[in-house]
Amino acid sequence: MSMAIIKRLLVGAFLVCTAVVAAAGERMTPGIATAHPLATAAGMEILDQGGNAFDAAVAVSAVLAVVEPYSSGLGGGGFWLLHRASDGFQTMVDGREKAPLAATADMYLDENGEVIPGLSIDGALAAGIPGEPAALVHIAKHYGKLPLKATLAPAIHLAETGFPADDIYLKMAGFREQAIKASAAASEIFLPGGKMPRLGALITQPDLAQTLRLIAEKGRAGFYEGETARKLIAAVTQAGGIWQDKDLREYAIVERQPVRGTYRGTRITTAALPSSGGIVLVEILNQLEAYDLSAMNEAGQLHHIVEAMRRAYRDRAEYLGDSDFVEVPQTMLLDKRYAAGLRQSIHPDKATPSAMLAPTVRETSQGRHTTHFSIIDSEGNRVAATLSINYPFGSGFVAAGTGVLLNDEMDDFAARPGTPNVYGLVSARANAIEPGKRMLSSMTPTFLENKQRIGIIGTPGGSRIITMVLLATLAFDQDASAAEIVAMPRFHHQYLPDAIQLEPGSIDATTKKELEAMGHKLQQMENSYGNMQVVIFDRSSQKTDAASDPRGIGKAVVGAEK
Ligand code: DON
């Protein structure tokens, strides 16, 4: 990216608070950036108690499950990308939800084969089998130093004593009021007395505290067996869902090899399937690598970036799904020679209509739900984790007596190949519903490394997650700071719909005109999107830099570990 676009994108659209502290001696200064100040504080507290980044990740995930109920939680799932400093081992803990064993490919269709609106979004039938509890137990057991009793303590405390309803909570609860009201147990917790809480009113979750306590005592059995499992199955069944004991008993996380790539001097370590994020990110970067973006004007840069996005998202729609179920040509998609082939079809100054790309599926709204956090500890252990219950407040359904708000991640499957999901994404047979299959995700927790710096990044934002991480990678390559990266205005193209989505303030009128003249359709968005959390360690200055997206209420802290 040339300085032209970097300068434009970095113009202070938002003011960000960051902290930069020099590391003492050999050890790194720990840094944590999360979407909520209480989660960042809990992570720091765990580091202070002698925990490592993995312990802090467990604590942060659990606190987010309590204080950001619209984003992630025990009733959802996610991907935790880990780097262990002692031996350089890197892995992705896949705690993605799975389709219930009784799920069928046409479960959201009516008798005419049309998608029934809302069925994969609201209520118990929309929920996949949660993976977050199993993932937290696994991370604590295999990578952490502290017992779950210690790492879950901050979350238990906050569930019991309450957290203050903030602006985003009120906005999201307003948006999902109907779905929440359809579930008596959800209503009781999130709309106490049947009303929207006041700003600052305490939201307490005693049942969730008890479920967390059971997990702290019994590990995965505290959620997937016994009392909690019984309550989950009973509530889901009563509400028309299809979960069975076996679904919970057999849920297992999978450790997967992260997807790897390179862009100029930067090594990328990122999400593997069942997230599309890593493959799509690397495919875009591979196409862009051969261009001298810095020699282009802003419209030229945007044009080339968008054309690369378009082609990679076409492949997402066509090929990607859970690789435990379908053959995915991953080696081909990640090959720089394949990217060179794609690049051949990019015209230097004309948009390629998406309809002109090789045929794929024929037919063809998001923002601050789902959550990401980034952590580095004093030993250099790292975690990038993106966690979700999908739509704000997930399915809106709480299983009575558990405090667990269920996800509506089933909507990430192709309810019908070619019909767009809630993020406007289309996918093909590779992402059709099958019993026990994981739905395709866009979550893209990522490590970036070059000679100078190590970056830990990620964000929520549905289908736009991948392009946000892409823009962050291009800026990282240009030495942007954590604060600059999270504040950059954003743009996005996802093949279908065939339009460049522009965040307010992302480009000026002249560039818009130039892009339109090339044949691009522009969609000016009313609202900003994303909630990026970045931690960067500079190898030569030995400084840790962290920043939380100014669009959210998150907090980044860099501090001395005791
Ligand atoms: O896994 C996915 O790709 C989606 N369920 C993520 C949803 C999301 O990021 C919502 N955020 N704004």
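## Close-up views of a predicted model

**View 1. G458 sits in the loop between β15 (453–457) and α18 (465–477).** Helices (H or I, at least four residues) and strands (E, at least two) are DSSP runs, numbered from the N terminus. This is a predicted model: local features need pLDDT of at least 70, side-chain atom pairs count only at pLDDT 80 or more, and totals for chains, interfaces and linings use all residues. Residues are numbered from 1 along each chain as its sequence is written, and side-chain values use heavy atoms, with hydrogens and water left out. G458 is buried, at a relative accessible area of 0%. Buried means under 20% relative accessible area, exposed over 50%, and partly exposed in between (1.4 Å probe, protein chains only). Leaving aside residues up to four places away in sequence, G458 touches H372, T444, V469, N531, M532 and Q533. Contact means heavy atoms within 4.5 Å.

**View 2. Helix α2 (residues 37–48) packs with helix α3 (residues 53–67) at an angle of about 150°, with axes 8 Å apart.** The angle makes α2 roughly antiparallel to α3. Angles under 35 degrees count as roughly parallel, over 145 as roughly antiparallel, 65 to 115 as roughly perpendicular and the rest as oblique. Axes are lines fitted to C-alpha atoms, for helices over the stretch in contact, and angles run from 0 to 180 degrees between N-to-C directions. α2 passes α3 in a right-handed crossing. A crossing is right-handed if the near helix is turned clockwise from the far one by less than a right angle, and left-handed if anticlockwise. From α2, the contact uses L38, A39, A42, G43, I46 and L47; from α3, A53, D55, A56, A59, V60, V63, L64 and V67. By class, 12 of these residues are nonpolar, 1 is polar and 1 is charged. Ala, Val, Leu, Ile, Met, Phe, Trp, Tyr, Cys and Pro count as nonpolar, Asp, Glu, Lys and Arg as charged, and the others, Gly among them, as polar.

**View 3. α15 and α20 pack at an angle of about 50°, with their axes 9 Å apart.** The two helices are therefore oblique to each other. α15 passes α20 in a right-handed crossing. E298, A299, L302 and H303 of α15 meet T511, E514 and L515 of α20. This contact divides into 3 nonpolar, 2 polar and 2 charged residues.

**View 4. D324 and R256 join in a salt bridge, N to O at 2.9 Å.** The pair links distant parts of the chain, 68 residues apart: D324 lies in the loop between α15 (298–319) and α16 (330–334), R256 in strand β7 (residues 254–256). A salt bridge is a side-chain nitrogen of Lys or Arg within 4 Å of a carboxyl oxygen of Asp or Glu. D324 is partly exposed at 47% relative accessible area, whereas R256 is buried at 11%. The structure holds 29 salt bridges.

**View 5. R551 forms a salt bridge with E503, the closest N and O atoms being 2.8 Å apart.** This pair also links distant parts of the chain, 48 residues apart. R551 lies in the loop between β20 (543–548) and β21 (555–558), E503 in the loop between β17 (500–502) and α20 (509–517). R551 is buried at 7% relative accessible area, and E503 is buried at 1%. Elsewhere, salt bridges that share partners join E307, R310, R311, D498 and K521 into one network.

**View 6. The side chains of R96 and E97 meet in a salt bridge, N to O at 3.9 Å.** R96 is buried, with 0% relative accessibility. E97 is buried, also at 0%.
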